[in-house]
Amino acid sequence: MVSSDLGMTGMRPLVHFHFRRPIKLGKEKSKDIEFHLVQCPLGQKRSDHDSDKIEKEKRIRHGRCNEDLKNFVDKVDAQWSSQPIAPSCLFDELEKVYEFYGDLPSKISAAFALTSFNLIVLVETPFVVFPLRDIEIVNLALLRPGIIDMTVIFQDFEKDNVLQISSIPLKSFASIKDRLNWGQVKYYVNTAELDWMAIVKRIRDFPEK
């Protein structure tokens, strides 16, 4: 996953790798690792009247970081694509149109993004990445005016594997459905408030039924 835009999430340019199997980072194992592009300050002395100039230089540095990231991604992607058995796409870029805000059950408001292959939770680094291939069903509930609630049920029914995102602005409804269709993820739209944790437990306990 690549972010080369300081859009609604206000992120620095970064590359995020989500692995199929965890790797060891220090003493911990993780499936996720990120690399951020940062500009080291030169340490010049400035007066308080230089704020406009500083802001302009900051925008220029961000632009250079974006360009550096794009060049890096293009070069790696070209090498990857040249391999005879490589998948067609290595990097998946975040697009602002598929970003949306919502609340997690912990009442934390977070930014989310749907890419061609993943659902990304942008709470804090490292971000949480859920491959669309691991999702069984998405339920989009229209329970209150102007917002939608989104419940993501994963294929691994051996766990209480449900992601609940509430209070998503209705303006994101069309782009969410568009991305789920693109990723061939089955979803339902309804106006019923369902206890998905209990539903998943019943599926786990009585799979044949």
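## Basis of the model

Residues are numbered from 1 along each chain as its sequence is written, and side-chain values use heavy atoms, with hydrogens and water left out. Because the model is predicted, local features need pLDDT of at least 70 and side-chain atom pairs count only at pLDDT 80 or more, while totals for chains, interfaces and linings use all residues.

## Helix H2

Helix H2 covers residues 173-182, and its buried residues are Phe173, Ser175, Ile176, Arg179 and Leu180; buried means under 20% relative accessible area, exposed over 50%, and partly exposed in between (1.4 Å probe, protein chains only). Helices (H or I, at least four residues) and strands (E, at least two) are DSSP runs, numbered from the N terminus.

Lys177 lies over the face of Phe173, at 4.3 Å from the ring centre, and Arg179 lies over the face of Tyr98, at 3.9 Å from the ring centre; for this, NZ of Lys or CZ of Arg must be within 6 Å of the ring centre and within 35 degrees of the ring normal.

## Aromatic pairs

Searching the whole structure gives two aromatic pairs, where rings of Phe, Tyr and Trp (its six-membered ring) pair if their centres lie within 6.5 Å, and planes under 30 degrees apart count as stacked, over 60 as edge-to-face and the rest as tilted. Phe100 and Phe112 are stacked, at 5.4 Å centre to centre with 15 degrees between the planes, and both Phe100 and Phe112 are buried.

Phe130 and Phe154 form a tilted pair, 5.0 Å centre to centre with 40 degrees between the planes. Phe130 counts as partly exposed because its relative accessibility is 21%, whereas Phe154, at 6%, counts as buried.
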